[in-house]
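The following exercises concern the structure shown below.

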Amino acid sequence: MKIEIVVVIGKRAIPLSRVYLNNNGNLNARNDNLANSNDNGRMTQPVRFKMKSHKNLYFEIISFKNLILAYKKARKGKTKKDYTKKFEENLAYNLKVLHEELKSEIYSPNLMEVFVLKDPKTRVISKSDFRDRIVHHALCNIIEPIFDKRFIYDSCANRKGKGTLLALERFEKFRRKVISNFTSKGFCLKADIKHYFEEFDCNLLLKIIKRKIKCKKTINLIKLILNNFEKSKGIPLGNLTSQFFANVYLNELNQFVKNKLRAKYYLRSVDDFVILYNSKKQLEIWKKEIENFLRERLKLELHPDKLKIINLSKGIDFVGFRNFYYFRLLRKRNVRNMERNINLFITGKISYEKFFEIFQGWEAYSNWANSEKTLKNLFKKIDFDKI
């Protein structure tokens, strides 16, 4: 990546190659008489970095090679679904038609299937057509690496090589740093962005994306995907692109917290975040500054019922676990949810295949907690001999 460093002298940005120090140790620019009684040639702002922008990405996105890779990703875990089998009946033809539509810029996404999921919180899920999911993967294959380089390390959700386990490990590391081997108190600012996916401003997202992406055809494709959502604002839950766009949008918050507030022990997972520190007063100050930033810059607000500053000794509910000093427990709500699924299976309301899929995922998740007694009691309710 080519980086051009410029220095601001007075009100003008000058390439570093044209800047020199005078005898008084002040910055002057070659061939520019900028010194005056007010500025005197001193650097008035930090060094700026001109970030690389990307053009002509569209043909990388719609190339056959990328569409085939996108198709393979879209079918992963969905090979037995009817819509996958139907698309694969004439795979080469369907991919060729999709490529030609994208190439001619006549591609139009199909209406999404909308359903309500209660697990236990009620969520409205929007499921895109299979061929549209291929397009989503094709887009993210090319543009996600461009933006991921700018993401902070501790943005843990929906990123390659990241996830819940990393968030737990980082939380544990941050906590040890803050309490300094129990020699000082530690506190946690815990926050949740209210109705994040519903209040998402797509126009603002496009402005953020356009800073890096200068390819008009790629921007038009992104607009097509965003406009496929029936509501006037927000993005649909359930799409790959929604997960990616959510990270791009809240990277603005990440950069503000890390670089402006200088909050060292900050972690974010989707719309939840925590900041650990040894001063409750400082966390109160940061909380107000974050609230102002979200309201003024991103048109979002923190959920008042979930905004708390908690002593670390009391345990912090984060990424599905209650995190204490010496142990980690499963979130009570998640235990009740699994109990409900077991009862649905026992009474024959969900199939063995469906229950086994749920159980496998839940067992992998629960193994990260110190909840052996809870797991033992749950397993007692299942007659494995009859399965």
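**Exercise 1.** Determine which residues Asn-251 touches, leaving aside residues up to four places away in sequence, and decide whether Asn-251 is buried or exposed.

*Solution.* The model is a predicted one.
Step 1: locate the residue; Asn-251 lies in helix H10.
Step 2: list the contacts. With residues up to four places away in sequence set aside, Asn-251 touches Arg-150, Phe-151 and Ile-152.
Step 3: classify the exposure. Buried means under 20% relative accessible area. Asn-251 has a relative accessibility of 7%, and therefore counts as buried.

**Exercise 2.** Place Gly-238 in the chain, classify its exposure, and identify its contacts beyond four places in sequence.

*Solution.* Step 1: Gly-238 belongs to the loop that runs between helix H9 (216–227) and helix H10 (240–260).
Step 1: the cut-off for an exposed residue is over 50% relative accessible area. The value for Gly-238 is 57%, so this glycine counts as exposed.
Step 2: apart from residues up to four places away in sequence, Gly-238 touches Ile-125 and Ser-126.
Step 3: Val-124 is 114 residues from Gly-238 along the chain, while their C-alpha atoms are separated by 8.9 Å.

**Exercise 3.** Describe helix H5 by its span, its bend and its burial, and then examine Ile-143 within it.

*Solution.* Step 1: H5 comprises 19 residues, and the distance from its first C-alpha to its last is 25 Å, close to the 27 Å expected at 1.5 Å a residue.
Step 1: the helix bends by about 40° at Asn-141, and Pro-145 follows within four residues.
Step 2: H5 is mostly covered, with 16 of its 19 residues buried.
Step 3: Ile-143 is part of H5. Its relative accessibility is 0%, so Ile-143 counts as buried.
Step 4: From Ile-143 to Ile-209 the C-alpha distance is 9.7 Å, at a separation of 66 residues in sequence.

**Exercise 4.** Characterise the packing of helix H2 against helix H5 in terms of geometry, handedness and composition.

*Solution.* Step 1: two packed helices are described by the angle between their axes and by the distance between those axes.
Step 1: the axes of H2 (residues 64–75) and H5 (residues 130–148) come within 8 Å and cross at roughly 120°. The crossing is right-handed.
Step 2: on the H2 side the contact is made by Asn-66, Leu-67, Leu-69, Ala-70, Tyr-71, Lys-73, Ala-74 and Arg-75; H5 contributes Phe-130, Arg-133, Ile-134, His-137, Ala-138, Asn-141 and Ile-142.
Step 3: sorted by class, the residues of this contact are 9 nonpolar, 3 polar and 3 charged.

**Exercise 5.** How many helices and strands does the chain have, and what percentage of its residues count as buried?

*Solution.* Step 1: the chain has 14 helices and 14 strands.
Step 1: of its 387 residues, 45% count as buried.
Step 2: among contacts between residues at least 6 apart in sequence, 67% join residues at least 24 apart.

Note on methods:
Residues are numbered from 1 along each chain as its sequence is written. This is a predicted model: local features need pLDDT of at least 70, side-chain atom pairs count only at pLDDT 80 or more; totals for chains, interfaces and linings use all residues. Side-chain values use heavy atoms; hydrogens and water are left out. Axes are lines fitted to C-alpha atoms, for helices over the stretch in contact, and angles run from 0 to 180 degrees between N-to-C directions. Helices (H or I, at least four residues) and strands (E, at least two) are DSSP runs, numbered from the N terminus. A crossing is left-handed if the near helix is turned anticlockwise from the far one by less than a right angle, and right-handed if clockwise. Contact means heavy atoms within 4.5 Å. Ala, Val, Leu, Ile, Met, Phe, Trp, Tyr, Cys and Pro count as nonpolar, Asp, Glu, Lys and Arg as charged, and the others, Gly among them, as polar. The expected span of a helix is 1.5 Å times one less than its number of residues. The bend at a residue is the angle between axes fitted to the seven residues ending there and the seven starting there. Buried means under 20% relative accessible area, exposed over 50%, partly exposed in between (1.4 Å probe, protein chains only).
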